[in-house]
Amino acid sequence: MSASSPVLVQSYHPTTFVERGASVPFTTPMLMGARARPSDRNGFDLIVPSPSGGKGVYVLPWSGVTDLCRPTLHDERLNRAIAALRLVTPSSIRAAAREIAAEGLAGREAMEAARANREVEQQERLLTNFLLLLALVQQVEPTGENATPPEQDRPAMVEQRARRAIMRIAPRLKLSPEEVAASLEQLAGPFSAIGVGRHAGRSRAARMIAALTLLRDETARWAVDADPELGGMAEMVSKVAALTIECASATLAEARALVDSLPALLERWHRASEPLLRLVGRPDWLLDGWEQPCLLWQQATTEPARRQALAEIALMVPVIPREAGDWVGFAVDTDLSTRFRRSIQLGEDWRTGAAVLDLIARNEHLRALAA
Amino acid sequence: MSAPPQGAAEIKSLQRGLVTAGDAQVRRVVDMIELLPDRGAMDALIAPLRPRLARLRPPRKLRFPRLLFYPLDPLIVPAAQWRRGALLLPRTCILPLAAQVLAAMGADGAAIEAAIEGHTTDETCLIQRVGAPLWTSAAAILADARPAADWTEQTGLAPADHRDLARGVAALLAQAAAIEPLAQTCRDGRALQSAPSARQIEPIIGATATKFPEALPLLLALLLARLPCAGDLLRLSRQAGSASYGQALRVGIDRAVGMTLEQLDGSGFATLTDPGADLADLAGRIGEVAGLLGELGEDSPRPDRLAKIDAIRRRLDTSCRSRFTLTLDEVVTRPLRGADEKPLDPQVLEAELRALRRFDAAARRLGGSEVYEAQLRAAATLAGASDRPELTLVDRARLVELLAGPEAALSLLDAG
């Protein structure tokens, strides 16, 4: 036991996304929906939803987690990986979690998926770099210089045209061509998550919005038919999902629009990369924490399974910080997830009883399905 | 698919095969039978499996009789097991009583049949929505119903049995719309909103005691079977001294508890120790029974009953320990020692171990915690030191985690 028992923070209204923390894909059932955020004292704090399902969260260091539950081997190792992170963001946590899963600590299925995802992300990054080069050619090449649109040209020709485009733009940016090429490579990382050009629909952000849309629509239908308690939960999930989609779509459009003027984007990148990274990372922060609920819902295919999934999802619905309103430029009802939250008491079997190993196995399966 | 079996000998032979089949095979057979437009002799084929089906609860096609009797399922037994005065319902009464209700409901009954067409017993929202008005109407119809001309021919029961059964079913159905949401809440893994749940079950008991006093023991037996409320019922019976139905309640609970224990000691015990049953499924039922025995034992004022409870608990405990030891040896110890000369699949091993752990978590509620613990520790030592080439260090650590917990697993990993 740690020196002091964890204290439930009843009123939890984070102002910023950093304060809300980044979601951590722990496999311990009690830690589902937990988030990590930087802390001056502890390196990082965990924010764990109240297991009773009511309002409030536990804010505690990792050492305090053992007062709430018995973390899995996977989570112990993931905690160490997070402690070593320089920045706590959704993407840095995802990367750390993927490396832990790739070691096999969430089982072989998750290990194979994590290794495959590592490859896919690398390919997406390369593809995004290529698409950024194509966009640069389209924007920089003088009209009439080449009859064939770059996206239809042979790869060797595209390479030549890209090199020429970089040579043309570099002096305007007061950079060497190598620096421009390197910048485009660096930008490929954050932009591959939101998607560029014709790849936009297949990006992680687009996939997440599609999954969230499905969750929004199906839970809205459920809210009509279910009993008042589950109906209330379904309504809350659907409404917060709808608001999240609206906010994420707005920030996604804003971030993708940056590619419409690559010279300006490159110029901003060199002037101050951090604000630009934060702008492009907004959709990720908004969608962060929805992957597990969406997967839980998709995996529950029968009605009894969906009833159970809904009770669990209702505990995990991310709170939307007030900062979201500043990002999207319209009024955001940030109390939605707490106002509609119903207090549910869960049976002893649910998080602490005999089924806990099955829930861990289920969570490990979710790790394998996560993008 | 080959033609369905028709002859008695053929059915008997298939029945023998099914009785020894695993749960997954049984589920597949039931799925296939459910799809047949005319089940005919196939119902006889699955008759011996009914106790297992009650445990497995595979989704079944919703039909009018099934929806009508859905809330009463735990009390339904084969006609041969039923006897007059028992707090049970013979399966043979389902179709004739359902036919009476359907005929009396006319167009409303037909509308219900249309509403459930193509749906299954998994769809609990639909069952509650369509079922609630049906159960209420059926209760009113059956309360004063007279037996149909072919009652004895259809059921093998005397005409006088009709009144008792129809009234009993009416009493239960009159409360079904109130009981079903509570049962659903428990099935979902949500606890009842007010624990103890006495506040929720007291009006159900009160209404039955007023309208169908003779059926109160039957209702209490149903509540015991459907809700984890044994302790609440016993407390209510003690506190209801001043209520008009206090004495009836005490007698009713005594009979319901007696019947429940009798069931557990008889056919229920066979189901709980079924060697063909899936270990994880069995664990759920054993957990429920252990909880029930615990509550009944805590509050029972009768020494003979306490002795009976203790005897059932000890018998079940012995059976669980033996099953655990055998399974641990079969799925963990022998494969880790390479005794089977079969390639070892870590994922299969983990899944089997998880089912075993679920089983021991439930079985410990009956006793023997230190015995399970010692065997698990020994197996963890074996797993940690295993030199099976199929297992990496991480695989071994995960096995140790399942057997002895994350702390031991972390130590192994850190040392490796």
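The numbered points below take up the aromatic pairs and then the interface.

1. The model is predicted, and local features are taken up where pLDDT is at least 70, with side-chain atom pairs counted only at pLDDT 80 or more. Totals for chains and interfaces use all residues.

2. Over all chains, a search of the whole structure gives four aromatic pairs. One of these joins Phe17(A) and Trp327(A): the ring centres lie 4.3 Å apart and the planes meet at 10°, so the pair is stacked. The pair connects distant parts of the chain, since Phe17(A) belongs to helix H1 (residues 17-20) of chain A and Trp327(A) to helix H15 (residues 323-328) of chain A, 310 residues apart. Both Phe17(A) and Trp327(A) are buried.

3. Phe26(A) and Trp62(A) also form an aromatic pair, with 5.6 Å from centre to centre. The angle between their planes is 35°, and the pair is tilted. Here too distant parts of the chain are linked: Phe26(A) lies in the loop between strand S2 (22-23) and strand S3 (35-39) of chain A, while Trp62(A) lies in helix H2 (residues 62-65) of chain A, 36 residues apart.

4. Trp62(A), at 14% relative accessibility, counts as buried because the limit is under 20%.

5. The contact between the chains involves 39 residues from chain A and 36 residues from chain B. The area buried between chain B and chain A is about 3,100 Å². Carbon and sulfur atoms give 48% of that area.

6. How many salt bridges cross the interface of chain B and chain A? The rule finds six. Asp395(B) forms a salt bridge with Arg108(A), in which the closest N and O atoms are 2.3 Å apart. Between chain B and chain A, eleven residue pairs are in polar contact, both residues being at pLDDT 80 or more.

7. On the side of chain B that touches chain A, the elements giving two or more residues are helices H8 (124-143), H10 (159-187), H18 (346-363), H20 (393-404) and H21 (406-415) of chain B. H20(B) provides the largest share, seven residues. By residue class, this side of chain B consists of 16 charged, 13 nonpolar and seven polar residues.

Note on methods. Residues are numbered from 1 along each chain as its sequence is written. Chains are lettered from A and ligands numbered from 1 in the order in which they are written. Side-chain values use heavy atoms; hydrogens and water are left out. Rings of Phe, Tyr and Trp (its six-membered ring) pair if their centres lie within 6.5 Å; planes under 30 degrees apart count as stacked, over 60 as edge-to-face and the rest as tilted. Helices (H or I, at least four residues) and strands (E, at least two) are DSSP runs, numbered from the N terminus. Buried means under 20% relative accessible area, exposed over 50%, partly exposed in between (1.4 Å probe, protein chains only). Contact means heavy atoms within 4.5 Å. Buried area is the accessible area (1.4 Å probe) that two parts lose on being put together, summed over both. A salt bridge is a side-chain nitrogen of Lys or Arg within 4 Å of a carboxyl oxygen of Asp or Glu. A polar contact is a pair of N or O atoms within 3.5 Å; within protein, one must be able to donate a hydrogen and the other to accept it, and residues adjacent in sequence count only if both atoms are side-chain atoms. Ala, Val, Leu, Ile, Met, Phe, Trp, Tyr, Cys and Pro count as nonpolar, Asp, Glu, Lys and Arg as charged, and the others, Gly among them, as polar.
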